[in-house]
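Let's take a walk through this model together, with the viewer open beside the text.

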Amino acid sequence: MDVVTLGESMVLMTPQQTGYMRYAEQFSAKVAGAETNVAIGLKRLGHDVCWISRLGHDEFGEKIFRFIRGEGVDTAQITWDETHPTGLYFKEALSSESVRVQYYRKGSAASQLTPEHVSERYISQAKYLHITGITPALSDSCRQAVLKAIAIARQHGVTVVFDPNLRKKLWSDDKAREVLLDIVAKADIVMPGQDEAAFLLGQKDVAEMATDFLAYGPSKVVIKLGADGAYYADDRHQDYISGFAVEHVVDPVGAGDGFAAGFVSGLLDHLSLAEAVRRGAGMGALVTMVPGDMEGLPERQRLLSFMEQAHHEDVMR
Ligand code: KDG
């Protein structure tokens, strides 16, 4: 197993029309969730991934299970909940520029994950453990499950990659800051967005934030800068990576997960830190070109030719 991840996947309902959802009559039903977006992205690039989660024993649980398994992600660690439903999430486009997210996930099956659902055997055999800040926000037992997964990873030398993925609708700012910083201190690699970094550390220069993150304990930090690329740092290098030009952003949601998948893929392929970050930026850019949180995740060949083409365009300029 290359990577193990743990978290909630939901059915994503998207109104077919732009504007207030109260007027929507038709919705598309897709599958989304930060950790499964990453898992699918990694799988499409040829890596083996396991997703630990809990699904409601209902039609939407079946839909998610079949979809994720169909993508080739290992679903052996999924458990079924007879009394709690699978979570739902709505993505309302008020205009082409402004997207609002509504969750219907309180008390969901995934929020009932506990440390007992976290298998030492699975995590100890992986190279990376991918964690996001969404899972510990779901419930106390989810937070305990995340902490157990991290403890197992550390004990067995599995690299812990942490994306804070701040979701303010799920918890208070104070609690989020406390829990997320605690996980930062336990992670080997952190990859916040610039706004998340500022939320955690206070507004300051990106290079200064990177240095502050390293002081918490991780050996590598990557701060995502959206269309502008990313800033990375370890104990030897610190630098910017420029973003890939995207002519028309169709749907930005999921770009950070695409970035995470590309970045971890680069690490698995033993690329340099800078090259792994560049692969992350390429994946993130491709995700924004397609509607849906994970549908734009490319297979390896498409990613490589997209990055290669962008490189030639750079050189010609
Ligand atoms: O990063 C995209 C995710 O935020 C989305 O797919 C849904 O997991 C999700 C969440 O909790 O918002």
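The shell around the ligand in this predicted model is made up of seven nonpolar, two polar and four charged residues. Which of these 13 residues come nearest to the ligand? They are Tyr103, Arg105, Arg167, Asp257 and Asp293.

Arginine 167 places a polar side-chain atom 2.7 Å from an oxygen atom of the ligand, and for arginine 105 the corresponding distance to a ligand oxygen is 2.8 Å. Asparagine 37 also takes part, with a polar atom of its side chain 3.1 Å from an oxygen atom of the ligand. On its own, the ligand has 320 Å² of accessible area, and the protein covers 96% of that. As for its location, the ligand sits in the largest pocket.

Now let's turn to the sheet. Nine strands form an open sheet with mixed pairing, and reading across it gives the order β5-β4-β1-β8-β9-β10-β11-β12-β13. At the edges stand β5 (78–81) and β13 (238–241); each has a single partner strand, so one side of each is left without a neighbour in the sheet.

In general, the strands of a sheet pair through backbone hydrogen bonds, in either a parallel or an antiparallel way.

Our last stop is a loop between two helices. Serine 139 lies there, between α4 (135–138) and α5 (140–155). Its side chain makes a polar contact of 3.3 Å with the side chain of serine 141. A polar atom of the serine 139 side chain also lies 3.0 Å from the backbone nitrogen of cysteine 142.

Notes:
Residues numbered from 1 in each chain as written. Predicted model: local features only at pLDDT ≥ 70, side-chain atom pairs only at ≥ 80, totals over all residues. Heavy atoms only, no water. Near = heavy atom within 4 Å. Polar contact = N/O pair within 3.5 Å; in protein donor to acceptor, adjacent residues only side chain to side chain. Areas by Shrake-Rupley, 256 points an atom, 1.4 Å probe, with all protein chains shown as cover. 1 Å grid on protein atoms, 1.4 Å probe; cavity = no way out; pocket = protein on both sides within 12 Å on 5 of 7 lines; lining within 4 Å. Sits in = over half its atoms within 2 Å of the grid points. Nonpolar A, V, L, I, M, F, W, Y, C, P; charged D, E, K, R; others polar. Pairing = 2+ DSSP bridges. Helix = DSSP H or I, 4+ residues; strand = E, 2+ residues; numbered from the N terminus.
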